[in-house]
Amino acid sequence: MNLSFLFYYKNLLLFVGNSSQSRGQIERMTEPSKVIHVRNVGQEISEADLLQLLRPFGTVTKVVLIRSKNQALLQMDELENAVSALEYYTGVQPNVRGRNVYLQFSSHQELTTAGDGEGNSHMRQSDQELPPNRILLVTIHHMTYPITVDILHQVFSPYGFVEKIVTFQKTAGFQALIQYELQQDAIQANDALHGRNIYDGCCQIEMQYSNLQELQVHYNGERSRDFTNPDLPVDQRNSSSQPAYGEGGGSYGYRSHETRGAYHQTGGGYGGASNGRCTLLITNLDPSSMDEDKLFNLFSMYGNIVRIKFLRNKPDHALLQMSDNFQAELAMNCLRGSKIFGKKMEITFSKYPDIAPSADARDYANSSLSRFHSGSGKNYRHCTAPTKTIHVSSLPREVTEDDIVAHLGEHGVIVNTKIFEVHGKRQALVSFDSEEAATEALVCKHASAIDGSLIRISFSQTHNS
């Protein structure tokens, strides 16, 4: 690294988006480091979300989640990669799951397994700091639906005999301790389930080994269960039976799952059955600008499309049928109220359960452009409402930022572009000055060609606001 490089980056404004820091505070934090300190990391933000934030810039080798302070530390493999990330985020406000996060270099040059002086009590690395144990500590992120002992037992029992389960609520969110009969079964479950979703698109599992040797279960109920002792008294209080493990129980304010009990592994999660409402009514469209293919490009972000039909007597209305209810509800929640071609889309469930094949209904059931193929449940993790930043993949090897701007610039002002490689494939993040411009670029240019390469576009969770 040459001196001019160091001089430039030692003078970066490192508290992204925070201009109220004093000059002295900034000076103390401007030493470049492989370790990036992330602030305002809410409980809804997972380790996987943070990794996605930095993945375009290089490999993250270590992660520390400091849940009690809503902070995290991430160590990059190379100093230059950490510097590139900070340089990019000085011009683009990173936003993860609707929350602005703030990046700066850490005062540490390396993360070690010992305490790092910044308040972390646990470091999770790819090889786990705690030794393998038959008891797993499980944290559930993005808990859209309630999780009970019965649900956890269905998810974890395929990997071995589960002796005991205790659930509780702590600062990190909903957690559970799961005790297997054999340590090798716990290891197998940890390897198979860490980072997976219980339901498609939500209830993500984060795991580490516990340092406990034996769980104490006093009641069998919704919050705790000893499967080796069915004669324990039944807990009638609907609260945590294990105050020593958590910080109190009580009911959680999550809506009940209509198909509780039907769990089958589908790629990224264990999906329940559909309630049958798969068809959406989309209104307040601009009929002169929007057509079936553009609606497909937008709504296929959230699931597979079966058919789309514009209504003859109401040209600003369209019916759109998705593969299942979960995908339809996900699309409606993410896109309702979004602005496209100067119009604010309104989306509700249609009174019609499906769209019958007809001459004026476009069929997409077998489209090669569908994004959710068999075994691709992991795609749900990347679903997000429209953002100002789009992710462009399948780019040609020789593409330049100028090429990308020329291809997408007609849809709005582009404020930033970043080309990077993942597994040797060229990709880019492109930031517009508004969500509407980014949305227009996606609906018009997804599956279009740059130098013969058919590009794919999606909204990025790494976005500015």
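Predicted model: local features only at pLDDT ≥ 70, side-chain atom pairs only at ≥ 80, totals over all residues.
Setting aside neighbours within four places in sequence, Phe299 is in contact with Leu280, Ile282, Ile305, Leu320, Met322, Ala331, Leu335, Met345 and Ile347. Phe299 also belongs to the largest nonpolar core, which has 49 residues, and is one of the members that touch the most others, alongside Leu280, Leu295, Tyr302, Met345, Ile390 and Val392. Helix H8, residues 325-335, contributes the most to this core, with six residues. The core draws at least three residues from each of domain 3 (279-363) and domain 4 (389-459). As a general point, nonpolar side chains tend to be buried together in soluble globular proteins.

Let's stay with helix H7 (residues 292-299) for a moment, where Glu292 is found. Glu292 makes a salt bridge with Arg362, with the closest N and O atoms 3.6 Å apart. Arg362 sits in strand E21 (residues 362-363), so this pair links parts of the chain that are 70 residues apart. Glu292 counts as buried because its relative accessibility is 16%, under the 20% cut-off, while Arg362, at 36%, counts as partly exposed. Asp293 has 39% relative accessibility and counts as partly exposed.

Now turn to the sheet. Six strands form an open, antiparallel sheet in the order E10-E11-E7-E9-E8-E12. Its edges are strand E10 (197-199) and strand E12 (224-226), each of which pairs on one side only. From one strand to the next, the twist averages 25°. Within the sheet, strand E8 (residues 162-170) is joined to the antiparallel strand E9 (residues 173-180) by eight bridges, and Phe168 stands opposite Gln175 in E9.

Two helices lie across these strands. Helix H6 (residues 183-193) lies across E7, E9 and E11, at about 140° to E11.

Finally, back to charged pairs, of which the structure holds 14 as salt bridges. One of them joins Glu110 to Lys34, with the closest N and O atoms 3.0 Å apart. Glu110 is in the loop between strand E6 (102-105) and E7, and Lys34 is in the loop between helix H2 (23-28) and strand E1 (35-39), so the pair ties together parts 76 residues apart in sequence. Glu110 counts as partly exposed, at 40% relative accessibility.

Definitions and conventions
Residues numbered from 1 in each chain as written. Heavy atoms only, no water. Core = buried A, V, L, I, M, F, W, Y, C linked by side-chain atoms within 4.5 Å. Buried < 20%, exposed > 50% of the residue type's maximum accessible area, 1.4 Å probe, protein only. Helix = DSSP H or I, 4+ residues; strand = E, 2+ residues; numbered from the N terminus. Domains from an automatic or database assignment. Contact = heavy atoms within 4.5 Å. Pairing = 2+ DSSP bridges. Axes fitted to C-alpha atoms, helices over the stretch in contact; angles between N-to-C directions. Salt bridge = Lys/Arg side-chain N within 4 Å of Asp/Glu carboxyl O.
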